[in-house]
Amino acid sequence: MYVPVMKNRTVEVSVLRQLSMMGVFDNTVIPMIELVQERTRSNMKNSFLTELADILENAPHMSVLVDFYKSSKLRNTSDAIREYITRIIRQPDFCYEELVVLERFSDQVIPVISYMSEDISMTRILADKDYFQEKFQRVAFRLKPQEFDSIFEQLLPHIRQEDFVIFDIDTASCTSPVFKPIYKTISDHKKKIGYTSIAIKAHRPENLANNKMIDKEPIAEIDNALKDLYSTSYMSRFNGFGDYATISAALPTTGGAISPVGIYYSQENNFFVAFKGRKPLLSEFPEYIAPSIVDSEYWEEFDQEHHEKCPGCCEISQILSGEKSGKNQAQWKMIAMLHYIYTMYEMDA
C-alpha cells in the first residue's frame, strides 16, 4: 500500500482530482490530505472539503485519509493558512464542524488523529477518537517517534481492527536503529488487533532548493529507502508506506525566484533525477528540460503503455509536441507528482 501525503494546495488538489478520475486511488493507493487552509485558492467559492466531497462522489471506490494540520511554526505563511491552522489548534470542535460535509462518505473518509509534540493533550486525542469512530468507519492514529511509547500505550485499548496506525518518522532515516523497538511494538500489536500499519517519511529535505540540484543527476538528498524497506523483516513488515511524492513537507512560504527544474522518478533505481534548466527562464522547461527527460535513459525504463497512460508522462509529451506551453513551475511540480504516484499504483495494479 502507498500513501501519498498532500496538502490542500492548488497543485496537490489538481493531482488528487486527476488521479481520482483515473481510478488510481484504490485499496493500494490511499492519499492523505493535510488540511492547511479552507479553500484551495482564495478566489474559490466552495471550501476544499466541498471539493473533496465532489471528488469522492465521482470516485466511489476511493478512500482518503484526512488530517487537520497542526503546527506552531506559522511564520512566512499566508494569512489564510495561519488563520485556518490557528482555528484547528485552538478550537477542537472546529474540526468536527468541518468534516460534517464528508460524513455521508463514512466508508471512504478516514479521519487522522494527530497532535503537536510541543502541546500534547490526551484528553483532546481521546475526544477526537470518540467523535471520529462514531461518525466514520475507520480512523487513523498518526504517531511520532518522540512520544510514541507514552501515547501508543494509552491508545491501544481504543484501536480497532479496521483502524490505521501511522508511524511518522519525519525526515529521519528509516534504518535508524532507534526505531527498531517501535517497529517491533507496532508489529506485535498488529498481530493481536489486526489494524493496518503505515510508515511515512518526509523524503525531501525542506532546505533542498532547485538551484542546488545538478542537471541529469540523481538527487541524493531525496531518501526513498522507505519504499524498499517498509515490508521487510527489518521494519517488521508494515502494510504500507507514505511520503510527500517529491515535494517538501513544509508549509508554503511566500515569494520565490524562478529556478527551472524537472524531477523524474526512476523506478529501476528508486531515485529521483533532476533535469535542470541552463538559465533562470521559464522557457527552459519546454526548450531544454522536456527534451532532456524524453531523451534520457530514465524515460526509456518505462514502456509505451506507461507513457500513454501515466498523466505525468502525457503532460511531458504534450509539452514537447507544443500542445501545452510548459512554462510554469507549478505545472512541473504536478508532473513530478503524477509520474511518481502513478508509477507506485502501476507497480501494485
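How many bridges join β10 and strand β11? The two strands pair over 6 bridges, in the antiparallel sense. The model is predicted. This briefing covers the sheet around that pair, the helices beside it, and backbone angles in nearby and other segments.

**Sheet**
- The open sheet has 3 strands, ordered β8-β11-β10, with antiparallel pairing.
- β8 (217-218) and β10 (261-266) are the edge strands. Each has a single partner strand, so one side of each lacks a neighbour in the sheet.
- β11 covers residues 271-276.
- Across the β10 and β11 pairing, Tyr 265 stands opposite Phe 272 in β11.

**Helix α13**
- Helix α13 spans residues 329-348 and lies across β10 and β11.
- Helix α13 runs at about 5 degrees to β10.

**Helix α12**
- Helix α12 spans residues 311-321.
- Its buried residues are Pro 311, Gly 312, Cys 313, Glu 315, Ile 316 and Ile 319.
- The cover over these buried residues includes β10 and α13. It also includes α1 (10-21), α9 (284-294), α10 (297-300) and α11 (304-309).
- Residues three or four places apart in an α-helix point the same way, because there are 3.6 residues a turn.

- Asp 170 is not a glycine, yet its phi is positive, near 60 degrees.
- Asp 170 sits in the loop between β6 (164-168) and α7 (180-193).
- Asp 170 is partly exposed, at a relative accessible area of 43%.
- Ser 236, also not a glycine, has a positive phi of about 60 degrees.
- Ser 236 belongs to the loop between α8 (225-229) and β9 (240-243).

Terms used
Residues numbered from 1 in each chain as written. Predicted model: local features only at pLDDT ≥ 70, side-chain atom pairs only at ≥ 80, totals over all residues. Heavy atoms only, no water. Pairing = 2+ DSSP bridges. Helix = DSSP H or I, 4+ residues; strand = E, 2+ residues; numbered from the N terminus. Contact = heavy atoms within 4.5 Å. Axes fitted to C-alpha atoms, helices over the stretch in contact; angles between N-to-C directions. Buried < 20%, exposed > 50% of the residue type's maximum accessible area, 1.4 Å probe, protein only.
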